Structure formats: C-alpha cells, structure tokens
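User: I have a model open and want to go through some of its residues. Can you take my questions one at a time?

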Amino acid sequence: MTGGGLPSRMRAAVWRGPGRPLTVEELPTPQVEEPEDVVLRVRAAMFGAALVRAVTVGHPRLSPPAVLGTLVVGDVVDTGSAVRHLKPDQRVTLDPHPPCGHCANCRDGLRALCDTRISISPGAHAQYVRIRPPVATHARTVPPELSAGAALLTEIVACVLDATDTSGIGPGQDVLVIGCGPVGLIQVQLARLRGARRVFCSVNHPGRRELVDRAGGIPVDAQDLSADHLAVLTAGRGPHVVVEAVGSATTYACAFDVVRDGGTVIGFGGCPPGTTVPLDVNAVHYRRIRFIGSYHYEPGVFEKAARLLETGQVDLEPLLTHRIPLDRIADAVTTARRSDCLVPIIEP
C-alpha cells in the first residue's frame, strides 16, 4: 500500500494498437503528486462507438500503448493538500474537456472548440484514475439516487443539450431525430422537455420503437424518411428542426430533403473525414434552410445536464443495456456492436 492507502499496483485495460484485443494488465496505481490532484476509484466507465473505432482502426489523437476512456464515474479516495471541494468517499462525475480559457478558440468565444486536450491518468478503463485541474475543478458530486451508469452519461446529455439550445427547438414545433441510438433517444426527451409538439425518431433496430415511445417520441421507419411521408406526418409542411444523429452522407442528405421551408438542420452525427453530401444550394437559398454543426458544448451546459439527471427530468436507465467487468474487456467491441446494445459500461 502507498502512503495514501492506495495499492501500489492496479488492473487496467491496455490498448496496444489497432486491431489488437484489449488486454488486462497490472500497472502502477496513480498517486497524488501535486496539491490539486484527486485520485478516484473507478465505478463505471464508458465504452462507446468512438472507442470501438479507436480499438479497431486507430485514432488520430491516441498512440498505443494506452489505457483508453475519458467518461468515468468514481469515488474520491485521495486528494492533494489544496483540494477543498471534494472529500474522500464522495462519488463524482467528470466534465472531461472543460475549456482552458486561453487558447485561440477560447479567446474567440469558441470555448466548445477549445484547442487544449486534457485527459485523465491513465484512462477510465482502470481501477483507479488521477485527475487534475481543470477536470478536477469541475468534478461534480453524484447524489445517491442517481446511478453511476446514468451519471456516466452526463457529458453526452450535455452535448445533446447544447444541440437542443443551438437548434432553437421550442413549443409547438415538429422535430425529426434521425438516429435511434443513445444520442437520438436523449434528443427525443430533450425536445419534448422544450415543448416540441411532435418528435419523430427514425428506427432501424429491433426493440427501439418501444424506447422511442417511452422517451415521448413517435417512431418512424428509417426506410420511409421521404419528404412526402414526413410532409404527411406534419400537416404538409415537414419538420421545423431535423437533428442528424447518425453520421452518414445518406442521412445528412435526407435531413436537407425533409426539413420544412425556413427550417433548421442540426449536424450532430460525426462523419469520416472527407465525407461529402450532394447539396442543392438553390434549395437551401430559396427555402431559407439553416444548417448548423453541433459539437461538444459551451461552459455551464454540463452543469445544466447534471441537474436534468439529478431531478429526474431525463431518464437514462433504459439506455444502460450492458455491463462488462474489466476482466472481460476483450469482449467490449463485440458487445458494443450488438444490435441490442445501447450503452456498454465497463465496471472494474
């Protein structure tokens, strides 16, 4: 054991390169080294689509060997001498990318696009992690009534909430969400909270219709997202707002096709670099269509998302479909690719 009561070694999942399976290995346990350091015992960590791509084909910002994962909920086990806002045994969730405040984008007011890359050490797929400011500064305690799995998704809810704010979704509107994954299902709930009259959601997976219904949405077959069909569903006009939450050229083109005159298309889904979409600029011009890209979130949105979860206004429990012990993390990619898997959680 160390001076702070931590074991000297811990188990962690190590990524050793694209296409190679994750392996559980023993590594040194991170320790408090600076006055503002905080060490957490990991309770839940995310293994989403971005990490599936990283493990299988690589990632431009990640170099093996590495312990992956930035979304984590954990219990405080040790703190530096300068830490006043966190106490041992508190459970916290993290804003993994708070803005630095001094890079070029932050100075230009684009704090959601902060150039500074901040990570936790070593990574969330481990028994323990160390966090430092500004991540440690923005750590938020998790109330007992909120599960670790739900708290784990605070960052994702914040991203969707920022898209909701950007799109201007409001009372009486018709909204179409293209995509019935976790993001799409969260977007349905948030649009309903903002007073949208009808929230349609495309469905292409077995069992997702029920989840769309439960979220307050209206399921629409993904194979029937034509402008004519959406017009029938919306009194001949089309949706006021279309949120693309898939990330493909086909669905982006569909979004522009079905949105009503004067409507808004929100580009939430991330596409591979170089993806292009045939766009009728004449139609965009004469129909006054707005297109807005949505990525990450502005300061303060993470806290708003956390309050939505803490007050029960957003229900994430139906999305927490699979739990994977750290010792079986080699199965994570296969599990995450299952059609019935929405959110796979790694539990050390």
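User: Start with tyrosine 295: buried or exposed?

Analyst: Tyrosine 295 is exposed, at 53% relative accessible area. Exposed means over 50%, buried under 20%, and partly exposed in between, with a 1.4 Å probe and protein chains only. One caution: this is a predicted model, where local features need pLDDT of at least 70 and side-chain atom pairs count only at pLDDT 80 or more, while totals for chains, interfaces and linings use all residues. Residues are numbered from 1 along each chain as its sequence is written, and side-chain values use heavy atoms, with hydrogens and water left out.

User: Where is tyrosine 295?

Analyst: Tyrosine 295 sits in the loop between β13 (290–293) and α10 (301–310). Helices (H or I, at least four residues) and strands (E, at least two) are DSSP runs, numbered from the N terminus.

User: Next, threonine 164. Which helix is it in, and is it buried or exposed?

Analyst: Threonine 164 belongs to helix α4 (residues 154–167), and it counts as buried because its relative accessibility is 1%.

User: What does its side chain make a polar contact with?

Analyst: The side chain of threonine 164 has a polar contact with the side chain of glutamine 187, at 2.9 Å. A polar contact is a pair of N or O atoms within 3.5 Å; within protein, one must be able to donate a hydrogen and the other to accept it, and residues adjacent in sequence count only if both atoms are side-chain atoms. A polar atom of the threonine 164 side chain also lies 2.9 Å from the backbone oxygen of valine 160.

User: And which residues does threonine 164 touch?

Analyst: Not counting residues up to four places away in sequence, threonine 164 touches Ile169, Gln187, Leu190 and Arg194. Contact here means heavy atoms within 4.5 Å.

User: What about glutamate 155: buried or exposed?

Analyst: Glutamate 155 is buried, with 12% relative accessible area. Glutamate 155 is also in helix α4. Leaving aside neighbours within four places in sequence, its contacts include His97, His296 and Phe302.

User: Where is alanine 191, and which residues is it in contact with?

Analyst: Alanine 191 is in helix α5 (residues 182–193). At 0% relative accessibility, alanine 191 is buried. Apart from neighbours within four places in sequence, alanine 191 contacts Ile169, Ala196 and Val199.

User: Change of topic. How many disulfides?

Analyst: The structure has 0 disulfides, a disulfide being a pair of cysteine sulfur atoms within 2.5 Å. For cysteine 271, the nearest cysteine sulfur is that of cysteine 254, 13 Å away.

User: Which residues does a cis peptide bond join?

Analyst: Proline 64 and proline 65 are joined by one, with omega about -5 degrees. The bond from serine 121 to proline 122 is cis too, with omega near 5 degrees.

User: Last one: what is phi of alanine 235?

Analyst: Phi of alanine 235 is near 55 degrees, which is positive in a residue other than glycine. Alanine 235 is in the loop between α7 (227–233) and β11 (241–244), and it is exposed at 69% relative accessibility.
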